[in-house]
Amino acid sequence: MKNVITAIDRSGSYRVYLAITTDMVEEARKIHDTTPLASAGLGRVLTGAGLMGLDMKNPTDKLTVIFKGDGPAEQILATAGRNGRVKGYIANPACDLPLNERGKLDVGGSLGIGNLTVIKDLGLKEPYVGTIALVDGEIADDLTAYYYISEQQNTAISLGVKVDTDWSIKAAGGMFIQMLPGGEEGAVDALEKMLADLPPITTIVEETVEANKGKSEEGVLQAMLDRIFGDMPEEYSTKVLAYEEMKWECDCSDERIEKALMSIGKKDLTEIIEEDGQAELTCQFCLKKYHFTKEHLLKLLEEIG
Ligand SMILES: [Zn+2]
């Protein structure tokens, strides 16, 4: 399934990723049973992390994006890889607030005052970690600020989640524009002009999908690219580089959970065995439950040595 289109402009000034993530966000909503407010926050973070993941260089590169604040959502976390696999969770999936003054789901209010931390695992000895204060907690501008402050890169990021009356996800998507080294001033001006008149990304996703029913996935993505960049001056018009896939996938397994259990150490594991005689762990991303019998725990204790 292709739901991401990557393009570059003819002058080599910027690169763009566009994603339609309605299905991915709906899957996360079903797993975490989120309120519309929590769906909007989690959906934006998943889509944003997914786009940032696709922008990494190597197939095994991974990143984790953590939004933490003093608001009722508490924390929203997502991890994504260059392979387009995304998973995440919100600490309080039941969080709810009145709509904000613009009549929108108040994602910024749900996070409150706090920080954004980005951890990039590029296969080096130490991961790269960058932290900034939240700009407005609405996710897209926070990620844009992260790139500007921590990576000295100019980006424009739009993220959106539209929730239906039955709480299912009606439309979700994202746009990630990144200026390339040596990018022309003219391209920046043209992009700013284009972005100023751009409707919300969810409107674009919804209308493009509706207007292009029956077309291939690539055809729909191409139509979305044309809709957004169609009026750019010729020298800054786009050419498609690739179609990619971004989707929800949790990679938890017996082995991974065993490792997590062993990492708590001999003392704590012994305590669990003596006090509970068993253990049940839940994957925080997909909520799958892992049950460990006393025998199994004793075996793990032995393995720690
Ligand atoms: Zn899992």
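Modeller: Two residues count as being in contact when their C-beta atoms, placed from the backbone, lie within 7 Å. The model we are discussing is a predicted one.

Colleague: Leaving aside its neighbours within four places in sequence, which residues is Ala49 in contact with?

Modeller: Ala49 is listed with Leu18, Val45 and Leu46 as having the most contacts inside the largest nonpolar core. When neighbours within four places in sequence are left aside, the residues in contact with Ala49 are Leu63, Val65, Ala78, Thr79, Ala80, Val86 and Gly88.

Colleague: Which helix gives the largest share of this core?

Modeller: The core in question, the largest nonpolar one, has 72 residues. Its largest share is 10 residues, and these come from the helix spanning residues 36–54, namely H2.

Colleague: Is Glu280 buried or exposed?

Modeller: Glu280 lies in strand S12, which covers residues 279–282. A residue is exposed if 12 or fewer other C-beta atoms lie within 10 Å of its own, and because Glu280 has 9 such neighbours inside 10 Å, it counts as exposed.

Colleague: How far apart in space are Glu280 and His291, C-alpha to C-alpha?

Modeller: Not counting residues up to four places away in sequence, Glu280 touches Lys289 and His291. Glu280 and His291 are 11 residues apart in sequence, while their C-alpha to C-alpha separation in space is 4.5 Å.

Colleague: How is helix H8 oriented to helix H10, roughly parallel or roughly perpendicular?

Modeller: Helix H8 (residues 254–262) and helix H10 (residues 294–304) pack with their axes 10 Å apart and at an angle of about 65 degrees. Angles of 65 to 115 degrees count as roughly perpendicular, and therefore H8 is placed relative to H10 as roughly perpendicular.

Colleague: At what angle do helix H6 and helix H7 pack?

Modeller: H6 (residues 201–211) and H7 (residues 217–229) have axes 9 Å apart, and H6 passes H7 in a right-handed crossing. In this contact Ile204, Thr208 and Val209 of H6 meet Val220, Ala223, Met224, Arg227 and Ile228 of H7, and by class these residues divide into six nonpolar, one polar and one charged. The two helices are oblique to each other, packing at an angle of about 130 degrees.

Key: Residues numbered from 1 in each chain as written. Predicted model: local features only at pLDDT ≥ 70, side-chain atom pairs only at ≥ 80, totals over all residues. Helix = DSSP H or I, 4+ residues; strand = E, 2+ residues; numbered from the N terminus. Buried ≥ 20, exposed ≤ 12 C-beta atoms within 10 Å, placed from the backbone. Core = buried A, V, L, I, M, F, W, Y, C linked by C-beta atoms within 7 Å. Axes fitted to C-alpha atoms, helices over the stretch in contact; angles between N-to-C directions. Parallel < 35°, antiparallel > 145°, perpendicular 65-115°, else oblique. Left-handed = near helix turned anticlockwise from the far one by under 90°. Nonpolar A, V, L, I, M, F, W, Y, C, P; charged D, E, K, R; others polar.
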